[in-house]
Amino acid sequence: MGRQNHSFLFKQFAIKQDQCAMKVGTDGILLGAWVNVPENAQILDIGTGTGILALMLAQRSQKSTTTQIDAVEIDDAAYRQAQDNMQNSPWGDRIKIYHARIQGFAVTCHQQYDLIISNPPFFEKAYKALATSRTLARHSDSLLQTDILHIASRLLKQSGHLAVIYPTDLAHKFLHQAQAFDLWCDRQVNIKPRLDSPIKRIALELSKTKFPLQETTLTIEKSKHIYTEDYISLVKDFYLNL
């Protein structure tokens, strides 16, 4: 990945982010590279931000010509910038972005999805920044875990999957709450920054059917700026310098 002014350049697309409260980060890139993407799928991206997840999934599904991605963003400035990022990508015709609260969108949505994905806000009790857009992007008040689970239980196809990434403690809380919505984890990756680090993030895939859990661990770095083979293999289709 290469930085150029207010843009991040990937191998097949660019992300402008100067109008977005939350910038391109490792969490979103890991989730977008790791999640299983069904062929010819209907996909919903909740809280698209810069549009990074929608664009990664569009790249990964570019051979599935009927894959369509709906992206929803509540913040006006982020919505407009994500719209530009999508329109300037090779896949603008397969991504539709909505400026809306996801809770309201879900009430009126008649589409059923094969995949619902979100890199959700997770700061629950931290100091809230004065800037409203950054508060929305970083804090879970506007998008509770139960909101995501309710939306998924309503809008997922029976064979569909919900994919999220959270810090470790909130991932376990999410899994516990998911049971009340009859959603069950069948894929989980525990993410460690370095070999000697504790698990810092967990990415999850949940579905309406109980399957045997496939649990793995991914370490990002062997040492500072020296990436593991597993991490390189996962993200090499996106980063410019890998």
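Guide: A residue counts as buried when its relative accessible area is under 20%, as exposed when it is over 50%, and as partly exposed in between. The model discussed here is predicted.

Visitor: Which residues of H1 are buried?
Guide: Helix H1 covers residues 26-34, and it is mostly covered, with 8 of its 9 residues buried. The buried residues of H1 are Asp27, Gly28, Ile29, Leu30, Leu31, Gly32, Ala33 and Trp34.

Visitor: What radius of gyration does the protein chain have?
Guide: The C-alpha trace spans about 45 × 40 × 40 Å along its principal axes. A compact globule of 242 residues would have a radius of gyration near 18 Å, and the chain agrees with that, at 17 Å.

Visitor: Among contacts between residues at least 6 apart in sequence, what percentage join residues at least 24 apart?
Guide: The chain has 8 helices and 12 strands, and buried residues make up 50% of its 242 residues. Among the contacts between residues at least 6 apart in sequence, the share that joins residues at least 24 apart is 74%.

Visitor: Which strands are the edge strands of the open sheet?
Guide: The sheet has 9 strands in the order S6-S5-S4-S7-S8-S10-S9-S11-S12, with mixed pairing. An edge strand here pairs on one side only, and the two that do so are S6 (95-99) and S12 (226-227).

Visitor: Which residue in S7 stands opposite Ile43?
Guide: S4 and S7 (residues 113-118) run parallel and are joined by 4 bridges. Within S7, the residue opposite Ile43 is Leu115.

Visitor: Which residue in S10 stands opposite Ile191?
Guide: S9 and S10 (residues 201-207) are antiparallel and pair over 7 bridges. A hairpin of 6 residues joins S9 to S10. In S10, the residue opposite Ile191 is Arg201.

Visitor: Which residue in S11 stands opposite Asn190?
Guide: S9 and S11 (residues 214-223) run parallel, joined by 7 bridges. In S11, the residue opposite Asn190 is Thr217.

Visitor: A polar atom of the side chain of Glu221 lies 2.9 Å from the backbone nitrogen of which residue?
Guide: Glu221 is found in strand S11. Its relative accessible area is 13%, so Glu221 is buried. Leaving aside neighbours within four places in sequence, Glu221 is in contact with Pro193, Arg194, Leu195, Ile226, Tyr227 and Thr228. The backbone nitrogen 2.9 Å from a polar atom of the Glu221 side chain belongs to His225.

Visitor: Is Thr67 buried or exposed?
Guide: Thr67 sits in the loop between H2 and strand S5 (68-73). Not counting residues up to four places away in sequence, Thr67 touches Pro38, Glu39, Asn40, Ala41, Ile43, Ser61 and Arg94. Its relative accessibility is 0%, so Thr67 counts as buried.

Visitor: How far does the backbone nitrogen of Asn40 lie from a polar atom of the side chain of Thr67?
Guide: Asn40 is found in the loop between H1 and strand S4 (42-46). Its relative accessible area of 41% makes Asn40 partly exposed. From the backbone nitrogen of Asn40 to a polar atom of the Thr67 side chain, the distance is 3.3 Å.

Visitor: What value is phi of Asp182 near?
Guide: Asp182 lies in the loop between helix H7 (168-178) and S9. Asn40 has a positive phi, near 50°, although it is a residue other than glycine. Asp182 is likewise a residue other than glycine with a positive phi, near 55°.

Conventions:
Residues are numbered from 1 along each chain as its sequence is written. This is a predicted model: local features need pLDDT of at least 70, side-chain atom pairs count only at pLDDT 80 or more; totals for chains, interfaces and linings use all residues. Side-chain values use heavy atoms; hydrogens and water are left out. Two strands pair if DSSP finds at least two bridges between them. Buried means under 20% relative accessible area, exposed over 50%, partly exposed in between (1.4 Å probe, protein chains only). A polar contact is a pair of N or O atoms within 3.5 Å; within protein, one must be able to donate a hydrogen and the other to accept it, and residues adjacent in sequence count only if both atoms are side-chain atoms. Contact means heavy atoms within 4.5 Å. The radius of gyration is taken over C-alpha atoms; the globule rule is 2.2 Å times the number of residues to the power 0.38.
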